[in-house]
Amino acid sequence: MNKKESTPAREACRRYEAKNKEKRKANNATFFTFVTRQEAEEMAEFLTKVKNFSIVVSMDGPEEVYNMQRVFPNGKGAFLAAMKGLDIYMKAKKDSINSDEPIAFSVVVTQPYTQEKFEVINDFFSKLKEKYN
């Protein structure tokens, strides 16, 4: 594929970039929700066809933890949007050439640093692993 060749996924990325230069608070999983579902599915399918490619998802824990620090410009928590984006990507990845490639998670933990908070976060990722395996 020519680098300059236009595809629906590339066009969706360009539109997103043009509209959201000032709104960089969302992460790579929520990116999939800034476009139509069809465009998100096309982007996920495109990304999962790139050999030896994996992604890093910013996911800080369950909804109550995640939404404390990751919000949209309107103040609404971004957790549900991030999970929707992750679901779209994981569905495409399931039967792709990269089905065995790991997904990395970038986790930001903010105060208060309590044992309970870390246990809640750990439990969330254990359940997430079960969901996608």
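Helices (H or I, at least four residues) and strands (E, at least two) are DSSP runs, numbered from the N terminus. This is a predicted model: local features need pLDDT of at least 70, side-chain atom pairs count only at pLDDT 80 or more, and totals for chains, interfaces and linings use all residues. Residues are numbered from 1 along each chain as its sequence is written, and side-chain values use heavy atoms, with hydrogens and water left out.

Q: Which pattern does the chain follow when read along the sequence?
A: The chain contains six helices and two strands. Along the sequence, these elements follow the pattern α-α-α-β-α-α-β-α.

Q: Over which residues does pLDDT stay under 50?
A: pLDDT is the predictor's confidence in each residue, from 0 to 100. The chain averages 82, and 75% of the residues score at least 70. Where pLDDT is low, the predicted coordinates should not be read in detail. This caution concerns the stretch where pLDDT stays under 50, residues 22–28.

Q: Is Y89 buried or exposed?
A: Y89 belongs to helix α5, and its C-alpha is 8.5 Å from that of M43, 46 residues away in sequence. Buried means under 20% relative accessible area, exposed over 50% and partly exposed in between (1.4 Å probe, protein chains only). The relative accessible area of Y89 is 1%, so this residue is buried.

Q: Is L80 buried or exposed?
A: L80 is also part of helix α5. Because its relative accessibility is 56%, L80 counts as exposed.

Q: How are α3 and α5 oriented to each other?
A: Axes are lines fitted to C-alpha atoms, for helices over the stretch in contact, and angles run from 0 to 180 degrees between N-to-C directions. α3 and α5 pack at about 45°, with their axes 8 Å apart. Angles under 35 degrees count as roughly parallel, over 145 as roughly antiparallel, 65 to 115 as roughly perpendicular and the rest as oblique. The orientation of α3 and α5 is therefore oblique.

Q: How many nonpolar residues has the contact of α3 with α5?
A: Contact means heavy atoms within 4.5 Å. The residues that meet include A40 and A44 in α3, and I88 and Y89 in α5. Ala, Val, Leu, Ile, Met, Phe, Trp, Tyr, Cys and Pro count as nonpolar, Asp, Glu, Lys and Arg as charged, and the others, Gly among them, as polar. The contact of α3 with α5 has one polar and five charged residues, and its nonpolar residues number six.

Q: How are α5 and α6 oriented to each other?
A: These two helices pack at an angle of about 30°, with their axes 12 Å apart. α5 and α6 are therefore roughly parallel.

Q: How many charged residues has the contact of α5 with α6?
A: F79, M83, L86, D87 and M90 in α5 meet F124, L128, K131 and Y132 in α6. By class, the residues of this contact are seven nonpolar, no polar, and charged two.

Q: Which residues does the cis peptide bond join?
A: Most residues other than glycine have a negative phi, and most peptide bonds are trans. The loop between β2 (104–106) and α6 (115–132) holds P112. A cis peptide bond, with omega about 5°, joins Q111 and P112.

Q: What value is phi of N52 near?
A: N52 is placed in the loop between α3 (37–48) and β1 (56–58). With a relative accessible area of 60%, N52 is exposed. Although N52 is a residue other than glycine, its phi is positive, near 60°.
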